[in-house]
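Subject: Structure handover

Hello,

Here is the structure I promised to pass on. My notes on it follow below.

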Amino acid sequence: MRFIVFAVFFLSSFCAFAQDAFPSSGGRFEAVNGAGIALQDTWSIMQNQAGLASTEQFSSGAFFQNRFGLSELSVLSLALVQPFENQVFGLSVNTYGFQNYRRSRIGLAYARSLGEDLDVGVQLAYHQVQLGGTYGSANTFTVEGGFRYQLNNEVAIAAHIFNPNRSKLADFNNESVPSVIRTGIAWEISKKVLFLAEVHQVFDEKVGVRTGVEYHAVDPLYIRIGAGSRPDLFSFGLGYVYKQLSIDVAASYEQVLGVQPMISLTYHAQ
């Protein structure tokens with residue numbers, strides 16, 4: 001029993017830092033292994049806020065992920081996006097963990113277009129870690145921001161930086177929220193095939209790569225796959241659009257820890 005409790009706590013700690021750096025953000029993003037920095041989507045609110053700038057109507061979404069088959073590590077994310085004149089505002093909530101270890105994040109995002117081809121976005125987020133018993137909690141704020149540039153009708157490039165000031169959660173062991181810089185592309189190879197790729201680096205660590213493909217099989221159905229390094233994951237999923245509702249299911253596979261299923265529902269007002 002002690003080993004199980006320790007293992008759960010260790011996995012929680014390991015996932016916590018990855019969760020801060022790469023928050024779970026919708027089945028579409030997760031199905032392409034998170035390589036969506038250049039996408040324009042409601043869930044860009046957690047990946048690259050510049051992707052919100054093209055939003056023309058209110059949208060909202062809910063995402064659930066079960067990590068490693070442990071209910072203690074389940075992830076829940078919520079997103080609300082509202083355009084106002086030439087600006088877009090967003091609210092995001094991300095939380096996971098269990099009674100004795102819970103990590104939460106609330107973000108306020110802002111995005112707008114600067115001309116026909118260039119979009120920019122920023123976000124201020126509040127992070128909190130709650131520990132059971134008498135250990136209390138720790139909290140901090142982070143800032144992040146990015147841009148998206150449409151090179152031509154087929155290719156867009158994007159970049160994003162998260163927590164450049166390396167905000168600390170605690171002085172003990174110099175515990176900081178990870179700082180990450182990312183850059184990538186979205187290439188519409190054809191009307192049915194979208195290729196995605198990005199390079200990312202957590203400060204003081206090696207560079208990682210993510211790639212993904214989205215195939216528009218028939219009008220309401222999308223098929224997606226992805227792969228990448230640091231962490232080494234393979235992902236896949238399906239997307240179905242029914243009127244104003246998008247249903248996206250996905251799963252990622254890690255060689256040691258196995259399969260992580262997830263689902264998101266996203267509503268787009270007309």
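Let me start with Ile45. Leaving out residues up to four places away in sequence, Ile45 touches Leu52, Ala79, Leu80, Val81, Gly90, Leu91, Ser92, Ala109 and Gln123. Contact here means heavy atoms within 4.5 Å.

A word on the source. This is a predicted model, where local features need pLDDT of at least 70, side-chain atom pairs count only at pLDDT 80 or more, and totals for chains, interfaces and linings use all residues. Residues are numbered from 1 along each chain as its sequence is written, and side-chain values use heavy atoms, with hydrogens and water left out.

Next, the cores. A nonpolar core is a set of buried Ala, Val, Leu, Ile, Met, Phe, Trp, Tyr and Cys residues joined through side-chain atoms within 4.5 Å. Buried means under 20% relative accessible area, exposed over 50%, and partly exposed in between (1.4 Å probe, protein chains only). The largest nonpolar core has 26 residues. Trp43, Ile45, Leu52 and Leu196 have the most contacts inside it. Two or more residues each come from α2, β2 (75-84), β3 (87-98), β4 (101-113) and β11. Helices (H or I, at least four residues) and strands (E, at least two) are DSSP runs, numbered from the N terminus. The largest share of this core is three residues, from β2. A second, separate core has nine residues, including Phe22, Tyr101, Phe162 and Leu169.

- Glu30 sits in helix α2 (residues 27-31). Its relative accessible area is 16%, so Glu30 is buried. Its side chain reaches the backbone nitrogen of Ser25 at 3.2 Å. Beyond its neighbours within four places in sequence, Glu30 is in contact with residues including Phe63, Ser235, Ala250 and Met262.
- Thr140 lies in strand β6. Thr140 counts as buried because its relative accessibility is 11%. Its side chain reaches the backbone oxygen of Lys168 at 3.1 Å. Beyond its neighbours within four places in sequence, Thr140 is in contact with residues including Ala125, Tyr126, Leu169 and Val177.

Best wishes

Conventions:
A polar contact is a pair of N or O atoms within 3.5 Å; within protein, one must be able to donate a hydrogen and the other to accept it, and residues adjacent in sequence count only if both atoms are side-chain atoms.
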